[in-house]
Amino acid sequence: MITISTTTADLTDLDTDALVVGVFKGGIEGPGASEALAALDLDDFPVTPDFRGDVGQTLRLAAPGQPFGSLLLVGLGRMDAISPAALRLAAGEALRALPSVQRVATTLAQVNPTRASIEAVADGLVLGGYRDTRFTSATDDSGPTAAQLLVPSSLLAEADAAIGRSRIVCTGVSLARDMVNTPPGLAGPQALADMTRDAMPSTVDVQVHGMDWLVERGCGGLLQVGRGSDSDPCLVELTYEPESPVAHVVLAGKGITFDTGGLNLKPPTGMPDMKSDMGGAAAVAGALQIVGALGGRVKVTGLLAFAENAIGADAGRPSDVLTTFDGTTVEVMHTDAEGRLVLADALGYGASMHPDVMVDVATLTGAVVVALGPYQAGLMGNDQRVVGDLTQAAQVAGESLWHLPLPADLDRWLESEVADVRNLGGTGPEAGSLTAGLFLQRFVGDTPWAHLDIAGPAFLSSERARGHQPAGGTGFGVSTLAAFVEAQLT
Ligand code: BES
Ligand code: MN
Ligand code: ZN
């Protein structure tokens, strides 16, 4: 992970490989831009058809003989619309545009000298600099290792505090990315449980509930989904419990370590991406790591529902009936609608703890990707306050959620002729994300609850990578959940 530091040095005193400066839309220069351009004998900003200062556009200029090595201009968008989110994207885009540079310096922290903006710049640099080199033999593609933020001395204390929090948050996001990016053959339920345990700070208690516990507690959803795999399912329970907590939050994550679809086998095209089907569980793990590191007075329980949805001689069949943790019987109409089955157990178990609030995170439906695209998650819930708090937390975190309904009149689409409920809503793809949400709602009782469907943003193809969000696992949700927990203080 890149190390961020502060400096009060001038542009001309820097010793770095690349300097990143911002430019607003229309070529209006951000802090340091005119000095840097003047040093290159360019009086005017080089507006070209490809570089107009839109958020995240970049233009790299050689700077022979200059102490800053080379100059990277990065677009910030409209000056009157500058926000932490725009700065996070721009800083991330800048880092991704400098793959073979070692040291970076930037004036971006001066664009909008608030704590939130400086933190966003630090986030963007660290997250945009994320690379997963665990499985490559090349050693020269590791990207920048250090970044300096140029700040006036009046901003030093603020900047150091922002960098400190950013580092903790980005460590959690990177954990979630690493978990998602680990090839699924190396990341079955037990391996991911081990990875989670190894990453937690000492303030977080880790219990891995294996087969005996699942059978004893009647977790028929996890057992049913996992039965086609040689790797047994498990439920990981993470607990951060401060002295005299002011609130208790349960976070539950879908952790399908690979989703073949089961006997309702998926077509080949979309299947490689299904190693990301534990992105919800990974987001909860990342959030607990942050909560444990930051401390705070909110008790948080993380429940990671890990299973592999495989085919095998004992794989679950369409028309099987199972019983979940809370005693609900479910008719499995479709083995590819497995996420809701493992979450039924996690939500039922979470609700039995009577928390103040419960949130689940899941790569649950393809339908939400059709509706909202690759950068936004669907948000559903049974409680306006939770929905509002999550929307606000996401804004702080620079993640985008869109509120979708849980229409009561579609609930009867889940009625089964042989069991209490079935795992498929209706007959076709209509309202697929909403009926999935309605299914989950049946397991939360009267606990205030919300559901994040992150099937779009959890994992990006290389064409969709942008800003601080790289190709592969993005860690989407980690930062929102951490901000949500912090906000439950009041
Ligand atoms: N893991 C998938 C959802 C998904 C799709 C995530 C694309 C990320 C990208 C989920 O388990 C699934 O297969 N859902 C089915 C549900 C259907 C069978 C009711 C879907 O969306 O097609
Ligand atoms: Mn599936
Ligand atoms: Zn799935």
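Author: A definition to begin with: two strands pair if DSSP finds at least two bridges between them. Also, this is a predicted model.
Reader: OK. What is the bridge partner of Val-330 in β16?
Author: Val-421 is the partner of Val-330 there.
Reader: And in what sense do β12 and β16 pair, and over how many bridges?
Author: Strand β12, residues 329-331, pairs with β16 in the parallel sense, over two bridges. Two is enough for a pair, because at least two bridges are required.
Reader: What is the strand order in that sheet?
Author: The order is β11-β12-β16, in an open sheet of three strands with mixed pairing. The edges are taken by β11 (321-323) and β16 (421-422); each has a single partner strand, so one side of each has no neighbour in the sheet.
Reader: New topic, the metals. Which residues coordinate the zinc ion (ligand 3)?
Author: Lys-254 through NZ, Asp-259 and Asp-277 through OD, and Glu-338 through OE, at 2.0 to 2.4 Å. In sequence these donor residues are spaced K-x4-D-x17-D-x60-E. Both Lys-254 and Asp-259 are buried.
Reader: Is Glu-338 buried or exposed?
Author: Buried: its relative accessibility is 1%, and the cut-off for buried is under 20%.
Reader: Which protein donors does the manganese ion (ligand 2) have?
Author: Asp-259 (OD), Asp-336 with both O and OD, and Glu-338 (OE), lying 2.1 to 2.2 Å from the manganese ion. The spacing of those donor residues is D-x76-D-x1-E.
Reader: Last one, Leu-95. Where is it, and is it buried or exposed?
Author: Leu-95 is in helix α2, residues 84-96. Its relative accessibility is 0%, so Leu-95 counts as buried.
Reader: What is Leu-95 in contact with, leaving aside neighbours within four places in sequence?
Author: Its contacts are Ile-2, Val-104, Leu-125, Gly-128, Gly-129, Arg-131 and Pro-144. As for His-468, that residue is 373 residues from Leu-95 along the chain, yet their C-alpha atoms are separated by 8.3 Å.

Terms used
Residues numbered from 1 in each chain as written. Chains lettered and ligands numbered in written order. Predicted model: local features only at pLDDT ≥ 70, side-chain atom pairs only at ≥ 80, totals over all residues. Heavy atoms only, no water. Donors = N, O, S within 2.8 Å, 3.2 Å for Na, K, Ca; no water. Buried < 20%, exposed > 50% of the residue type's maximum accessible area, 1.4 Å probe, protein only. Helix = DSSP H or I, 4+ residues; strand = E, 2+ residues; numbered from the N terminus. Contact = heavy atoms within 4.5 Å.
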